[in-house]
Amino acid sequence: MNQRKDTYRAALQREPDVAAASRHTKVTQLHTRYVRVTIELDPALPRDLTRWVRPPVSALLRAAAAVLRP
């Protein structure tokens with residue numbers, strides 16, 4: 001158990017990979033007494049979200065326009 005805990009702590013202290021550092025990611029860190037959270041956002045996320053959300057939203061708008069048309 002202690003070895004696993006030490007390995008986990010060493011992984012937290014380890015420097016990030018060079019490949020991961022070469023990507024331009026937005027990193028947000030939250031440090032409290034009991035919790036340490038690192039959130040990395042890929043810069044392509046807004047483009048991916050737009051690609052997934054655009055078709056359903058446009059279909060909904062077309063359906064609403066057809067229903068409201070006199």
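**Close-up views of a predicted model**

Figure 1. Helix H3 supplies the largest share of the nonpolar patch, six residues. The model is predicted: local features need pLDDT of at least 70, side-chain atom pairs count only at pLDDT 80 or more, and totals for chains, interfaces and linings use all residues. Residues are numbered from 1 along each chain as its sequence is written, and side-chain values use heavy atoms, with hydrogens and water left out. The patch covers about 1,200 Å² and is made by Leu30, Tyr34, Val35, Val37, Ile39, Leu41, Leu45, Leu49, Trp52, Val53, Val57 and Leu61. Two elements give two or more residues to it, strand S2 (36-41) and H3. Patch members have over 30% relative accessible area and no salt bridge; nonpolar side chains (Val, Leu, Ile, Met, Phe, Trp, Tyr) are joined within 5 Å, and like charges within 9 Å. Leu45, a residue of helix H3, is partly exposed at a relative accessible area of 37%. Buried stands for under 20% relative accessible area, exposed for over 50%, and partly exposed for values in between (1.4 Å probe, protein chains only).

Figure 2. H3 spans residues 45-68, 24 residues in total. From first to last C-alpha the helix reaches 34 Å, close to the 34 Å expected at 1.5 Å a residue; the expected span is 1.5 Å times one less than the number of residues. A kink of about 35° lies at Val53, shortly before the proline Pro55. The bend at a residue is the angle between axes fitted to the seven residues ending there and the seven starting there.

Figure 3. The structure holds one salt bridge, defined as a side-chain nitrogen of Lys or Arg within 4 Å of a carboxyl oxygen of Asp or Glu. The partners are Asp48 and Arg51, whose closest N and O atoms are 4.0 Å apart. About one helical turn separates the two, because they are three residues apart in helix H3. Asp48 is partly exposed, with a relative accessible area of 26%, whereas Arg51 is exposed at 56%.

**Figure 4. The whole protein, for reference.** Three helices and two strands follow the pattern α-α-β-β-α along the sequence. Helices (H or I, at least four residues) and strands (E, at least two) are DSSP runs, numbered from the N terminus. Of the 70 residues, 1% count as buried. The accessible surface comes to about 7,000 Å², 61% of it belonging to carbon and sulfur atoms. Areas come from the Shrake-Rupley method with a 1.4 Å probe; for residues, only the protein chains shown count as cover.
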